[in-house]
Amino acid sequence: MTGSSTLATVRQKYEVLAPLLHEKARRRWAAAEALSLGRGGISTVAAATGLSRPTIRKGIAELQHGLPDDDPSSLRTPGAGRPALAVTDRLLLRNLKRLVDPATRGDPMSPLLWTCKSTRALAKALGEQGHDVSHQTVARLLDDLGYSLQANRKTEEGKGHPDRNAQFEHINRKVKTFQRQGQPVVSVDTKKKELVGNFKNGGQEYEPKGRPRRVKAKDFPTREGKVSPYGVYDLTRNEGWVNVGITHDTAEFAVESIRRWWYRMGSPTYPEATELLITADGGGSNGSRSRLWKLRLQRLADELGLKVSVCHFPPGTSKWNKIEHRMFCHITENWRGRPLVSHAVVVNLIGGTTTRTGLRVGAELDANMYPTGIKVTNEEFEAIRLKKDTFHGEWNYNITPHEE
């Protein structure tokens with residue numbers, strides 16, 4: 001049973017039994033639960049029930065030593081004991097809410113403007129406002145108010161574009177048309193850059209017990225530097241290619257990656273192809289506003305003899321690009337917990353990526369140097385046989401070979 005499920009089980013038991021038990025019975029029940037859980041039991045029961053650790057330890061001592069305090073007269077009468085702080089300090093809950101309320105957290109007068117909202121920080125801030133309260137009490141009060149620890153969730157996509165959904169529908173129609181005609185359709189993007197060396201990589205893998213793999217404590221780049229894996233994913237065939245670059249992620253590098261995919265995977269699969277459709281993000285090395293991207297695509301179209309069509313996703317919608325959740329996520333899963341100690345390891349781990357649905361990935365190291373800052377002259381740009389679609393021509397366009 002996991003820690004979260006154990007906590008939930010103990011909490012459920014306590015909620016059912018607490019109304020039926022007096023103070024002494026509650027602490028002894030909590031003590032019995034803590035003893036049954038073993039190491040960490042006291043912390044788990046305290047978190048689940050709200051009882052303090054000293055109370056649970058007292059219950060354990062009573063169970064283990066059989067202290068003679070079973071006289072019912074020793075129980076406190078209803079209403080006895082110290083009143084709750086929320087009762088005696090009427091401003092406490094209001095001030096606590098103000099400290100944790102997201103709407104007031106950005107208030108320049110908030111004492112927690114630059115402080116994390118831990119229970120200790122909240123207790124300190126409340127103390128500065130004249131409330132004598134411990135961090136354990138703050139935790140209980142937050143639970144009573146309906147607060148819980150929450151991680152950030154990625155849901156916001158920016159301001160969005162009024163034609164966002166219309167562009168998705170346009171891309172979908174275009175992809176289906178190409179697939180019906182037997183023409184290749186690919187999704188392209190650059191995966192996050194990765195440090196090469198004996199650095200920690202997220203995730204876990206099996207190792208001999210007590211002997212975890214040792215990696216560098218600091219992520220300072222080594223002589224090998226970083227790699228930029230540029231992926232090309234075939235939407236029809238569920239297979240992809242990753243060109244592992246060792247310099248800059250430029251438009252020239254992006255088009256070279258597509259070129260290598262064509263010769264390694266595309267051409268053998270689509271020998272009769274006359275067109276190629278590329279779906280890509282709106283920014284980065286394959287951005288919709290990049291003149292160098294379009295110039296290199298023209299040269300690719302000339303070399304391959306293919307008409308190249310491009311559809312860009314609207315700004316702020318990169319997560320909708322198919323390559324992200326059909327190929328890149330599986331590559332990350334495949335190399336989890338393994339330091340990327342060399343270029344060969346990176347290439348082999350990418351090339352070893354498979355899924356139960358039949359994903360196949362090829363990979364190659366690209367040792368070419370791709371300089372930045374290349375300017376495209378107006379004469380070069382005007383020579384591109386670029387035709388924009390009637391619907392958002394800045395996102396949707398095609399480039400035809402010069403010798404067509």
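I took buried as under 20% relative accessible area, exposed as over 50% and partly exposed as in between, with a 1.4 Å probe and protein chains only. Strands here are DSSP runs of E with at least two residues, helices are runs of H or I with at least four, and both are numbered from the N terminus.

I noted the ground rules. This is a predicted model, in which local features need pLDDT of at least 70, side-chain atom pairs count only at pLDDT 80 or more, and totals for chains, interfaces and linings use all residues. Residues are numbered from 1 along each chain as its sequence is written, and side-chain values use heavy atoms, with hydrogens and water left out.

**Strand 5 and its partners**

I checked the cover on strand 5, residues 275-280: six of its six residues are buried. Next I looked up its partners, where pairing takes at least two DSSP bridges between two strands. Strand 1 (residues 185-190) runs parallel to strand 5 and is joined to it by three bridges. In that pair, Val185 stands opposite Leu277. Strand 6 (residues 307-312) also pairs with strand 5 in the parallel sense, over six bridges. There I found Leu276 opposite Val308.

I then traced the path from strand 5 through helix 12 (residues 291-304) to strand 6, and the β-α-β unit is right-handed. Right-handed means that, with the strands pointing away from the viewer, the path from the first strand over the helix to the second runs clockwise.

**The cores**

I counted as a nonpolar core a set of buried Ala, Val, Leu, Ile, Met, Phe, Trp, Tyr and Cys residues joined through side-chain atoms within 4.5 Å. The largest has 33 residues, and Val188, Tyr230, Ile258, Trp261, Ile278, Trp293 and Leu297 touch the most other members. Elements giving two or more residues to this core include strand 1, strand 5, helix 12 and strand 6. Helix 11 gives the largest share, eight residues. Apart from this core lies another, of 26 residues, with Phe178, Val242, Cys311 and Ile350 among them.

I looked up Trp261, taking contact as heavy atoms within 4.5 Å. Leaving aside neighbours within four places in sequence, Trp261 is in contact with Pro184, Val186, Val232, Asp234, Trp241, Gly266 and Leu276.

**Whole chain**

The protein chain has 15 helices and nine strands. Of its 404 residues, 39% are buried.
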